[in-house]
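Colleague: I have just opened this one and would like a friendly tour. Could you take my questions one at a time?

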Amino acid sequence: MASDKELSDFLKNIEKRAFKRTAFTVRDHDAALDIVQDAMIKLSQRYGDRPAAELPLLFHRILSNTTMDWFRRQKARRSLMINFGDIAPEGTDQELLDTLEVLTDSRSTESAAEATSRAQILLMIEKKLEALPTRQREAFVLRYWEDLDVAETALSMGCTEGSVKTHCSRAVRALAKSLAHLKFSN
């Protein structure tokens with residue numbers, strides 16, 4: 001059973017990443033804040049008695065469900081659903097992710113110019129990430145930013161592991177294609 005301190009520490013630790021993930025998904029900062037707060041409240045009220053090790057997966061699942069509920073309410077309000085098409089360009093290019101990892105690992109020795117360049121690259125990646133279809137964006141964020149494995153991501157998204165792999169692959173391809181013009185230096 002998680003203590004109040006463990007639950008509180010977990011929520012403090014996850015709140016910024018959860019907000020960013022949700023903001024990418026719903027593309028509305030106010031709605032994202034409401035969704036994250038609702039998910040945190042649900043976790044605290046319904047699952048606060050669970051072991052601390054179970055909290056991350058429970059929270060990601062609650063956040064995904066709360067986000068989907070938000071989309072359903074929006075659909076009912078507007079009486080139409082936004083159709084996000086799948087973008088599947090040819091070829092897989094993971095150099096972008098490899099380069100970002102190298103940039104992240106070398107932060108302690110970077111100059112101001114390098115830090116500015118890295119910040120600009122991350123901003124461009126975030127903008128391109130926001131343009132991805134919802135499920136691709138969700139899978140990408142859970143796998144590569146939240147560092148969940150395929151099984152945990154599938155459980156969190158409520159889909160199969162194959163779907164997670166497909167969504168991630170398409171997201172990586174779309175990001176690589178849209179960011180191919182960038183020049184990366186190590």
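Colleague: Where is Arg27 placed?
Modeller: Keep in mind that this is a predicted model. Arg27 is not a glycine, yet its phi is positive, about 60°. Its relative accessibility is 40%, so it counts as partly exposed. As for its place, Arg27 sits in the loop between H1 and H2.

Colleague: Which backbone nitrogens does the side chain of Asp28 reach?
Modeller: Asp28 also belongs to the loop between H1 and H2, and it is partly exposed, with a relative accessible area of 32%. Its side chain comes to 3.3 Å from the backbone nitrogen of Ala31. At 3.1 Å it also reaches the backbone nitrogen of Asp30. The two nitrogens are therefore, by the 3.5 Å limit for a polar contact, those of Ala31 and Asp30.

Colleague: What is the handedness of the crossing of H1 and H2?
Modeller: H1 covers residues 4–26 and H2 covers residues 29–47. Their axes come within 8 Å and cross at roughly 145°. The crossing of H1 and H2 is right-handed.

Colleague: How many nonpolar residues does the contact of H1 with H2 have?
Modeller: On the H1 side the residues include Leu7, Phe10, Leu11 and Ile14. On the H2 side they include Ala32, Leu33, Ile35 and Val36. Sorted by class, this contact of H1 with H2 has one charged residue, three polar ones and, as the number you asked for, 15 nonpolar.

Colleague: How many helices does the chain have?
Modeller: Read from the N terminus, the elements run α-α-α-α-α-α-α-α. The chain has zero strands, and its helices come to eight.

Colleague: What share of the contacts with a separation of 6 or more joins residues 24 or more positions apart?
Modeller: For some background, the chain has 186 residues, and 37% of them are buried. Among contacts with a separation of 6 or more, the share from residues 24 or more positions apart is 70%.

Colleague: Is Ser156 buried or exposed?
Modeller: Ser156 lies in helix H7, which spans residues 150–157. The cut-off for buried is under 20% relative accessible area. Ser156 has a relative accessible area of 1%, so it is buried.

Colleague: Which residue's backbone oxygen lies 3.3 Å from a polar atom of the Ser156 side chain?
Modeller: Leaving aside neighbours within four places in sequence, the residues in contact with Ser156 are Arg21, His60, Arg61, Ser64 and Leu142. One of these also supplies the backbone oxygen at 3.3 Å from the side chain of Ser156, and that is His60.

Colleague: How far apart in space are Ser156 and Ala139?
Modeller: In sequence, 17 residues separate Ser156 and Ala139. From C-alpha to C-alpha, the distance between the two is 9.4 Å.

Colleague: How many disulfides are there by the rule?
Modeller: A disulfide needs two cysteine sulfur atoms within 2.5 Å. The count by this rule is zero. For Cys159, the nearest cysteine sulfur is that of Cys168, 9.1 Å away, so by the 2.5 Å cut-off Cys159 is in no disulfide. Cys168 is likewise in no disulfide, and the count stays at zero.

Colleague: Is Cys168 buried or exposed?
Modeller: Cys159 has a relative accessible area of 22%, which means it is partly exposed. Cys168 is at 5% relative accessibility, so it counts as buried.

Technical notes: Residues are numbered from 1 along each chain as its sequence is written. This is a predicted model: local features need pLDDT of at least 70, side-chain atom pairs count only at pLDDT 80 or more; totals for chains, interfaces and linings use all residues. Side-chain values use heavy atoms; hydrogens and water are left out. Buried means under 20% relative accessible area, exposed over 50%, partly exposed in between (1.4 Å probe, protein chains only). Axes are lines fitted to C-alpha atoms, for helices over the stretch in contact, and angles run from 0 to 180 degrees between N-to-C directions. Helices (H or I, at least four residues) and strands (E, at least two) are DSSP runs, numbered from the N terminus. A crossing is left-handed if the near helix is turned anticlockwise from the far one by less than a right angle, and right-handed if clockwise. Contact means heavy atoms within 4.5 Å. Ala, Val, Leu, Ile, Met, Phe, Trp, Tyr, Cys and Pro count as nonpolar, Asp, Glu, Lys and Arg as charged, and the others, Gly among them, as polar. A polar contact is a pair of N or O atoms within 3.5 Å; within protein, one must be able to donate a hydrogen and the other to accept it, and residues adjacent in sequence count only if both atoms are side-chain atoms.
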